[in-house]
Amino acid sequence: MMTKTRRLIFWTLACLALIGILAAVSFSRQPLSIHARIAEDGGFMPASIKARVGEPLRLRLISDDVEHSFALGQSDLQPVTFKPGEPAEIELIFDKPGTYTFYTTTPSSLNFWRMRGVIEVSGEGETQISEPPLYVRLGLDLDGEHESEEEHVEWANQPSAERGAAFANQIPAAMLTSNYYVSHSPMEIFDELRRAPALQSLNDEEIWDVVAYVWEQNTSSAALVDGQRLYQTNCAACHGKSGAGDGQFADEMKAIAEKNNDEHGIQAPTDFTDAEHLLEAQPAKLQGLILRGGMGTGMPMWGTIFTDEQTWALIAYLYSFQFEYSQ
Ligand code: HEC
């Protein structure tokens, strides 16, 4: 009798233990739910997540209103879109500790770029030590107007790097270094080339071709392709597909700017096809503006999102709204 009861107790306990273990295992495999609502209604919830190096982080992305997407800074994850009633599940594994920013690339509302959150990844491994960005090292004032001696830029043909290449061997070597490129605006190199004795026989349009050539030397076709992809995904909603400052939110931002008339408040998105504006900005300054954002103008900050390489690719791509590149 006794043994039978004992056996029953043993098996009951064994079964309960097994159920417990199975429940614990399946619970730990449960993905973490992240709800998304347009920025004005709260954005991502939770907006702060913890993870450990090397351990898979499973997320279930649930939309409570319209279509959204989940993108992760400092990674090559392609944005994952999800709609109401159609959650998406993803698994992330981090190989370095640090703070990663997640964000949306779907222009779900005017403030869509405010939909951001962080993943704090702890564990072994070197954290990325970031140097201060170039605009800080160069001491640039990001909020000042871009400056130049030249007032008007007019050309019948878009400056062409290919035509400029014909004069390649007459360009002073100092102007072909990457240090020169990052710290000078196209307008400044135009002025310097205009004064260069070797180029006295060229007309202004030919000098602009040389400027386009020098700018092309500082990028690569791979970077331009990458820059184009990043631009179309992250910037076109405001700056427009062709850079003309006419993205889907442009009219709304322009109307707010005109109504408020506040230089620190919302502005119309910059038109990169406007030569006088873009050609007066040096790459280091554009880098600063992209990393830091406009602080209230409606231009988001991207510092935690793009790698250095991606930021330079974006900058190179912006100038291609002015220059015709052969590659
Ligand atoms: C939500 C709208 C919005 C998005 C998205 C956006 N921008 Fe902007 N951007 C603006 C506005 C508005 C301005 C003008 C005000 C200012 O300069 O802060 C601006 C200005 C800029 C400037 C400064 C231009 C100059 O010469 O003064 C740069 C460079 C720029 N944006 C690059 C980008 C890039 C690159 C992206 C994508 C990675 C991007 N922007 C995405 C709204 C946006």
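**A covered helix and an iron site**

In α12, the buried residues (under 20% relative accessible area, with exposed over 50% and partly exposed in between; 1.4 Å probe, protein chains only) are Q310, T311, A313, L314, I315, A316, Y317, L318 and Y319. The model is predicted, so local features need pLDDT of at least 70 and side-chain atom pairs count only at pLDDT 80 or more, while totals for chains, interfaces and linings use all residues. Numbering starts from 1 along each chain as its sequence is written, and side-chain values use heavy atoms, without hydrogens or water.

Helix α12 covers residues 308-319; helices here are DSSP runs (H or I, at least four residues), numbered from the N terminus. From first to last C-alpha, α12 reaches 17 Å, close to the 16 Å expected (1.5 Å times one less than its number of residues). Its buried residues pack against α4, α5, α6, α7, α10 and α11, with contact meaning heavy atoms within 4.5 Å.

Turning to the metal, the iron atom of the ligand has H239 (NE2) and M299 (SD) as its protein donors, 2.0 to 2.2 Å away. Donors are N, O and S atoms within 2.8 Å of the metal (3.2 Å for Na, K and Ca), and sites may look incomplete because water is not among the atoms. H239 sits in helix α8 and M299 in the loop between α11 and α12, so the pair ties together parts 60 residues apart in sequence. H239 is buried at 10% relative accessibility, whereas M299 is partly exposed at 25%.

How values were computed: Helices (H or I, at least four residues) and strands (E, at least two) are DSSP runs, numbered from the N terminus.
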